[in-house]
Amino acid sequence: METLQIKNLTFSYPGRQEPALVDISLKIEPGEYVVLAGKSGCGKTTLLRHLKPALTPHGKRSGKILFGGRELTSLSEREQAETIGYVTQNPDNQTVTDTVWHELAFGLENLGLDSDTIRLRTAEMAEYFGISDWFRKPSNALSGGQRQLLNLASVMAMHPDVLILDEPVSQLDPVAATSFLETINKINKELGVTVILTEHRLEEILPVADKIAVMEQGRIFSFTPPEELLRGTLQRPDFIQYVLPTPMRVYDLVGRTDMPCPVTVRDGRRWLQKLNPNPRITTIEREEPETGEIALSVRDLYFQYEKKGEPIVADCSAAFKKGKITAILGGNGAGKTTLLKLLAGTVKPIGGKVKRNGLKLSLLPQNAVLVFTEKTVREDLLRIRPDIDEAVALTQTEDILDSHPFDISGGEVQRAALAKLLLLSPDVLLLDEPTKGMDGAFKEQFAAILKNLCEQGKTVILVSHDIEFCAKHTDFCMMLFDGKIVSSKTSRDFFSGNRFYTTAAYRMSQRIFKNAVTAEEVAALCQQNLTC
């Protein structure tokens with residue numbers, strides 16, 4: 001019997017004309033690993049929330065969801081808690097206690113389990129997830145990656161049959177994200193837990209997934225094994241370029257269909273080697289760093305949150321060029337968000353200087369929904385200025401203006417928050433994880449917005465874990481480590497010199513081509529060699 005069966009599910013949020021879900025029918029077998037993919041706002045999160053009754057959004061619904069042959073809504077609260085685990089995309093939103101050990105035990109205590117069982121399960125989870133070394137730590141002392149792993153361990157302590165994850169690595173650095181996804185795969189394969197997951201970055205997920213469901217405007221138009229995905233989306237070029245992983249996109253761009261389509265980076269590397277056994281053109285030319293006016297800078301910056309605590313930023317110096325997009329990268333807990341706050345002036349440095357040159361700076365926080373205070377997006381924007389049409393058109397937020405900020409997808413929240421930021425007319429935009437939850441199509445439009453602002457003399461500084469976006473669309477990349485900027489290069493030089501903080505395209509092609517860091521560049525080199 002299916003673990004989950006969805007029959008003709010249709011759902012509409014209050015006050016919205018278009019339904020968020022339209023006639024969804026889906027069967028998920030026990031132990032399957034299923035991925036939901038699609039553009040921001042297509043209904044992925046809404047569908048996931050319907051699979052956990054405690055999180056089901058308010059609105060008009062028709063259709064059925066069966067869990068093990070029973071109506072999902074007939075499950076008691078205890079059955080729901082024990083059998084269906086849910087991990088959100090924001091680690092901070094799911095942590096409810098003050099220490100790691102208490103967080104692991106919290107759900108078990110609520111179920112009324114005896115002390116011996118609670119101690120055994122918390123010990124088991126701590127060992128299984130490798131968190132024994134920080135078992136006694138305060139929850140607020142953990143990095144983003146550690147906190148998300150703790151959320152997962154706390155859910156798994158309940159011994160669920162189904163694990164639902166909504167973009168769980170969207171706020172994690174590349175190394176932490178890889179480790180987290182490997183743990184999910186382990187849970188699925190070793191424990192037989194059914195996994196249902198949404199994620200925009202598919203390179204590391206598709207190789208281990210059983211099925212991928214691609215959504216568009218509230219409907220599922222494709223539900224296939226990963227290897228059949230390209231065939232199912234051939235009539236939708238926007239999905240090929242903005243949903244599929246890099247090896248598949250390069251394969252499609254090159255246009256050689258006489259060989260099997262690669263799914264993983266490893267498959268892509270082997271495919272490239274067969275396609276280009278003796279390449280004559282192997283290099284994308286390096287860019288020379290531009291000289292230009294400095295918009296703002298920091299020198300010998302020092303900051304710590306607690307008097308006796310470790311410094312978050314120490315001896316940090318950097319200069320940001322006017323009219324350019326600069327990305328700040330680094331691991332979770334490296335101090336990237338703190339550096340943005342120091343630049344914005346929302347926290348004051350203990351030592352060192354921030355030179356802003358009289359410019360107006362505006363900060364978009366990582367949790368963008370926090371910038372909204374009104375019942376609708378429209379009301380929030382009108383609080384700033386009456387003429388919102390240009391910002392709304394630029395950020396493509398027309399369809400969500402009358403929605404409550406908590407009823408829209410993560411990508412839509414980012415776009416609406418950007419519209420609010422633009423209404424302030426800043427000289428410098430400070431953006432903390434701005435592409436979180438955005439689909440590939442809007443990332444391209446978002447990049448065009450930023451580049452247009454730079455052409456108008458604005459400066460953009462963003463913190464991001466989105467390697468692919470930074471490689472393709474930023475001018476400079478900086479690495480923050482041990483409280484200071486340890487590297488500052490053009491984006492191409494930065495990514496073509498790394499092994500872990502680099503793109504799937506570079507990992508796939510580095511033994512054949514030099515300096516190719518995007519799917520488009522790898523494909524272009526292939527095509528040049530095929531025609532020369």
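Predicted model: local features only at pLDDT ≥ 70, side-chain atom pairs only at ≥ 80, totals over all residues.
Mentor: Glu32 lies in the loop between strand E2 (21-28) and strand E3 (33-38), and Lys211 in strand E9 (residues 211-216), so the pair, 179 residues apart, links distant parts of the chain.

Trainee: What makes Glu32 buried or exposed?

Mentor: Its relative accessible area is 12%. Buried means under 20%, so Glu32 is buried. Lys211 has 23% relative accessibility, and because that value falls between 20% and 50%, Lys211 counts as partly exposed.

Trainee: How do you know that Glu293 and Lys322 form a salt bridge?

Mentor: The N to O value is 4.0 Å. The limit is within 4 Å, so the pair is counted. Glu293 sits in the loop between helix H11 (265-275) and strand E11 (294-303), while Lys322 sits in the loop between strand E12 (313-321) and strand E13 (325-329); the two residues are 29 residues apart. Lys322 has a relative accessible area of 41% and is partly exposed.

Trainee: What makes Asp387 and Arg385 partly exposed?

Mentor: Asp387 is at 46% relative accessibility and Arg385 at 26%. Elsewhere, salt bridges that share partners join Arg249, Glu444, Lys472 and Glu520 into one network. The structure holds 16 salt bridges.

Trainee: Why are E2 and strand E5 (70-71) said to stand at the edges of their sheet?

Mentor: The sheet is open, has four strands in the order E2-E1-E4-E5, and pairs them in the antiparallel sense. E2 and E5 each have a single partner strand, so one side of each is left without a neighbour in the sheet.

Trainee: How do you know that strand E4 (residues 60-67) and E5 pair?

Mentor: Pairing needs at least two bridges between the strands. E4 and E5 have two bridges, in the antiparallel sense, and therefore they count as paired. Leu66 has Glu71 in E5 as its bridge partner.

Note on methods
Residues numbered from 1 in each chain as written. Heavy atoms only, no water. Salt bridge = Lys/Arg side-chain N within 4 Å of Asp/Glu carboxyl O. Buried < 20%, exposed > 50% of the residue type's maximum accessible area, 1.4 Å probe, protein only.
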